[in-house]
Amino acid sequence: MCGILGYIGKEAKLSLFLDGLSRLEYRGYDSCGVVGIKDRKLFIQKRPGKIHELRRELRDFINEKFPVGIFHTRWATHGKPNEVNAHPHTDCKQQIAIVHNGIVENYLKLKQELIKEGHKFVSETDTEVIAHLIEKFYKKSLEDAVSKAIKKLKGSFALGVISKNEPEKLIAVRKGSPLIIGLGKNGNFIASDIPAILPFAKEVVYLKDEEMAVIKKESIEIFHFKGSPVKLEIEKVKIKPEDAEKNNFAHFMLKEIHEQPEVLRKILSLYDNKNAIHFPQINLSEDFFKHLKNVFIAACGTAYHAGYVAKYFLEAYCGLDVELDASSEFRYRRLNITKNDLLITISQSGETADTLAAIRDIKERGIKVLSICNVIGSTLAKESDGIIFTHAGPEIGVASTKAYTAQIMTLILLCLYIARMRSSISAQEMRNALKELSLIPGYQKEILAKESEIKKIAKEFSKFGCFLFLGRGINYPSALEGALKLKEISYIPAEGYPAGEMKHGPIALIDEYRGVVCIAPKDFLYEKMISNMQEIKARKGKILAIVNYGDNEAERLSDAVIRMPKLKNQNFSPLLVAVGLQLFAYYVAKNLGHDIDQPRNLAKSVTVE
Ligand code: F6R
């Protein structure tokens, strides 16, 4: 939520940084702004709306060069997304400018105190108090003032700070919200995420929580909030610039849907070591897994749905009882977790505030946390006892697609790994499972090849004002995820339900104006799903069914079908169902003319509670 980019070095054109900022737009896109220093003056431009609108406004300055600048794209928390509330924010004397990602929880109290002291506020934001606090403490050194100001703040904040009085410095601060420092040939950078600096820097330093950096053209110094210096840990950037581009696809979402077969192949090649699963950073012993009692899973949104699939797996394959919670609920539950239990968290970004809060409390109690995460260097990856990366590459479309199937594939491998340690499956069963998993990328490609068919179906179904997604067993989470994908990018109300629950309420919704998506693979619950479809048909509901090839019975009951290969182990079918439902949601939204990569009100990486 909110993207920060900052630069100090050899003078560089504004347009370059607007490009960089655009690669952070997935984090929030309701308003944006820039500030640069030139001739000891602040040059500030802000506006509501997206970065292309700011670029238009700045057309006369686009080749302007600044030796230092900070840039921001906002997802509003405090105050409407208008020009005044957009970042950067400044102090009364317009000598200090800051950009912020996070929330200052005690801003009202601080604001009242600062107003009493004579400070003049112009915006409704929590961020502006930081600029005035820095002003209050500012004598000669910007870093001293920042370090005093942040001690007064409660909440989460990643900050970029500059002052026209010290144009040779860029200050970066991190508490709770992510921030990296990029090391480039012509200067140094700060950013909320790596894609912003890909063309400029090949090396990065991940600022840790409660660290502050004083960045100059040719030097970087990091200090802990308590004042002690911190050694620079420089890491190579592993992502290629083209990984963060749309290439020839109309949207990032569509590109990412198409990347899934390759992502799953990569996961298998990294973790399946000749029929023995190997996780280099799992950091939990065989003995721990043998004596494991209960598993708790906490995650949000799409990652929660991947966790739901894992729950079915862990119960069926490992003989473990699993409790699953949205992280925002988990963090406030009073659970009797013991040291023989394990908390698994799942997160694409590794920065989701609720998921981080969930692990912090548990870790304090000495309980092990294993995380499934996509972003190397993220807070979740650093704070967990064990980590398994999903290696899906940057996911820029706000609606999660490839990260979801990457999470499921990784979690299936984890379940097989645990099951072997607990001897709840045989070596042969494991080999069979891995063999079938290796076929999944090819099967996904078969579904992707039906894109134009799915596009036609989506056109037909985009007229419905409401949708039910029904699934059973391991495809109940697929129904939840299908409904989430549809509602977040098409804004059509959609509910995911276990099909068996239909008669307990949702059936009242069904008539000829509602679309019902029935996930009906030929597994042991198939007959029951067919009965549900009969009930929907009898009430004139319009059915789109996800079926296996050659399933005439389900096809006869449906108005449209998406066909998929039948697996020997239908427990893996969520990996196929997801692809069909993602394409369906994509084309419904496209047909309705929505902004698919940046749906309204949403932002990727929810770094506030
Ligand atoms: C939906 C979506 C969100 C995220 C959720 C968790 O398409 O993207 O529901 O899944 O915000 O984010 P991460 O996985 O980064 O913790």
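**View 1. Domain 1 and domain 2 have their centres 33 Å apart, going by C-alpha atoms.** This is a predicted model, where local features need pLDDT of at least 70 and side-chain atom pairs count only at pLDDT 80 or more, while totals for chains, interfaces and linings use all residues. Residues are numbered from 1 along each chain as its sequence is written, and side-chain values use heavy atoms, with hydrogens and water left out. The chain splits into domain 1 (3-243), domain 2 (246-438) and domain 3 (449-597); these bounds come from an automatic or database domain assignment.

**View 2. Here is where domain 1 and domain 2 touch.** Domain 1 brings 10 residues to the contact and domain 2 brings 11, with contact meaning heavy atoms within 4.5 Å. About 1100 Å² is buried between the two, and carbon and sulfur atoms supply 56% of that. (Buried area is the accessible area, with a 1.4 Å probe, that two parts lose on being put together, summed over both.) On the domain 1 side, Tyr 26, Tyr 206 and Asp 243 lose the most area to domain 2, together 38% of what that side buries.

**View 3. Arg 174 and Glu 351 join their side chains in a salt bridge.** The N to O distance is 3.7 Å; the rule asks for a side-chain nitrogen of Lys or Arg within 4 Å of a carboxyl oxygen of Asp or Glu. Between domain 1 and domain 2, the count is 1 salt bridge.

View 4. A polar side-chain atom of Ser 347 sits 2.6 Å from a ligand oxygen. For Glu 488, a side-chain N or O atom is 2.5 Å from an oxygen atom of the ligand. Ser 400 uses a polar backbone atom instead, 2.9 Å from a ligand oxygen.

Methods
A polar contact is a pair of N or O atoms within 3.5 Å; within protein, one must be able to donate a hydrogen and the other to accept it, and residues adjacent in sequence count only if both atoms are side-chain atoms.
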